[in-house]
Amino acid sequence: MGVYRFLLTPRWLGILALTLVAAAVMVLLGNWQLDRYHGRTEINERIDAGLRMDPVPLRDVLPAPTGGSGTAGPAPAAERAWTKVTVTGRYDPANVVLVRGRSVDRTVGFEVVTPLVLADGTAVLVDRGWIPPARGGDATVQPDVPALPTGEVTVTGRVHLSESGSVAVTRRDGKLETRRIGVPRLARELPYPVHGAYLLLDEQAPAEDPAFKDVPVGYTNNWQNFGYVVQWWIFAVMTLFGYGWVARREARRLAGVGPRGPVDRAAEPASQGAG
């Protein structure tokens with residue numbers, strides 16, 4: 001073992017320190033990706049649970065907004081996202097929201113979000129589904145939105161958290177337009193208090209127009225994060241293995257155990273029998 005004393009020299013101690021720091025960083029990055037994997041897995045499990053569960057009243061999940069017109073209520077806890085709820089109210093035809101730039105089956109179109117005004121004067125935004133742009137137009141041309149049902153409507157849908165990002169909301173041809181369903185931002189354009197999350201429509205009575213297509217649910221790619229976990233931890237092991245391999249090769253070199261170099265036959269004395 002005395003041949004490994006070189007590992008105690010400043011140079012090799014420095015290499016060891018760098019190796020340990022690099023391996024530790026890789027392990028931490030793996031742990032971070034593991035946390036993301038668990039978090040995304042929980043989201044996917046909530047989505048599946050929301051599909052299977054029986055609907056509960058909206059008030060059991062979303063507290064009523066307490067502010068005045070143009071304000072949004074508190075956002076629900078992340079654990080309440082994708083809970084299936086039911087609520088009855090009347091759609092507001094004067095404040096239909098078109099969310100542009102949304103794709104279904106590789107076609108860019110619009111999601112149609114409409115405020116459902118409840119008996120207490122508050123409203124909840126309902127994403128009724130996706131429709132393509134008007135025939136013959138590009139992806140920015142407003143679609144032909146089917147007429148809203150009149151009278152009371154009972155909606156069953158899943159709670160969707162407000163989308164992040166601050167984007168402009170404009171009004172064109174009597175409809176609001178935006179790129180993100182940001183509940184607080186949309187609430188400023190509406191004449192009543194709005195609940196702090198919106199609903200992704202599952203069922204409606206009376207039934208929704210068949211022109212709408214279901215909005216695909218955004219499952220998270222949790223297995224990608226798990227792949228990163230394995231990747232970072234393998235890198236950490238490879239870093240430590242690499243240090244050990246280099247140190248062993250250096251020890252063999254110092255001990256003279258390494259492979260011999262090529263033999264120079266021209267430098268060897270000629271044999272006596274040579275003619």
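1. Is Tyr4 buried, partly exposed or exposed? The model is a predicted one, and in it Tyr4 has a relative accessibility of 28%, so Tyr4 counts as partly exposed. The cut-off for buried is under 20% and that for exposed is over 50%, with partly exposed in between.

2. Seven aromatic pairs are present in the structure. In one of them, the ring centres of Tyr4 and Phe6 lie 6.2 Å apart with 25 degrees between the planes, so this pair is stacked. The distance falls within the 6.5 Å limit for a pair, and stacked requires planes under 30 degrees apart.

3. The edge-to-face class begins over 60 degrees. Both residues belong to helix H3 (residues 222–254), and because they are three residues apart there, about one helical turn separates them. Trp223 is exposed, at 56% relative accessible area, while Phe226 is partly exposed, at 33%.

4. Ring pairs also join residues into a cluster, whose members are Tyr4, Phe6, Trp12 and Tyr243. A separate ring contact involves a charge: the charged end of Arg128 sits over the ring of Tyr91, at 5.4 Å from the ring centre.

5. Helix H1 runs over residues 10–52 and has 43 residues. From first C-alpha to last, H1 reaches 63 Å, close to the 63 Å expected at 1.5 Å a residue.

6. Gly227 and Met26 are 201 residues apart along the chain, and their C-alpha atoms are separated by 14 Å.

7. How much space lies in the largest pocket? The value is about 470 Å³. The lining has 22 residues, and those closest to the pocket centre are Trp82, His160, Glu163, Tyr198 and Gly218. H1, strand S3 (97–104), S6 and strand S9 (197–205) each supply at least two residues of the lining. S3 gives the largest share, three residues.

8. Val217 lies in the loop between S9 and H3. At 23% relative accessible area, Val217 is partly exposed. Beyond its neighbours within four places in sequence, Val217 is in contact with Ile47, Trp82, Arg158 and Leu200. Val217 and Gln33 are 184 residues apart in sequence, with 23 Å between their C-alpha atoms.

9. Which peptide bond is cis? The bond from Ala205 to Pro206 is cis, with omega near 0 degrees. Pro206 is in the loop between S9 and H3, and Val217 is found in that loop too. As background for this point and the next, most peptide bonds are trans and most residues other than glycine have a negative phi.

10. Two Asp residues have a positive phi. For Asp105, phi is near 50 degrees; for Asp173, phi is near 55 degrees. Asp105 is placed in the loop between S3 and strand S4 (107–117). Asp173 is placed in the loop between strand S7 (170–172) and strand S8 (175–178). What do their accessibilities say? Asp105 counts as exposed because its relative accessibility is 62%, and Asp173 is exposed at a relative accessible area of 63%.

Key
Residues numbered from 1 in each chain as written. Predicted model: local features only at pLDDT ≥ 70, side-chain atom pairs only at ≥ 80, totals over all residues. Heavy atoms only, no water. Phe/Tyr/Trp six-rings, centres within 6.5 Å; stacked < 30°, edge-to-face > 60°. Buried < 20%, exposed > 50% of the residue type's maximum accessible area, 1.4 Å probe, protein only. Helix = DSSP H or I, 4+ residues; strand = E, 2+ residues; numbered from the N terminus. Lys NZ or Arg CZ within 6 Å of the ring centre and 35° of its normal. Expected span 1.5 Å × (residues − 1). 1 Å grid on protein atoms, 1.4 Å probe; cavity = no way out; pocket = protein on both sides within 12 Å on 5 of 7 lines; lining within 4 Å. Points joined across faces, edges and corners; volume = space filled by probe spheres on them. Contact = heavy atoms within 4.5 Å.
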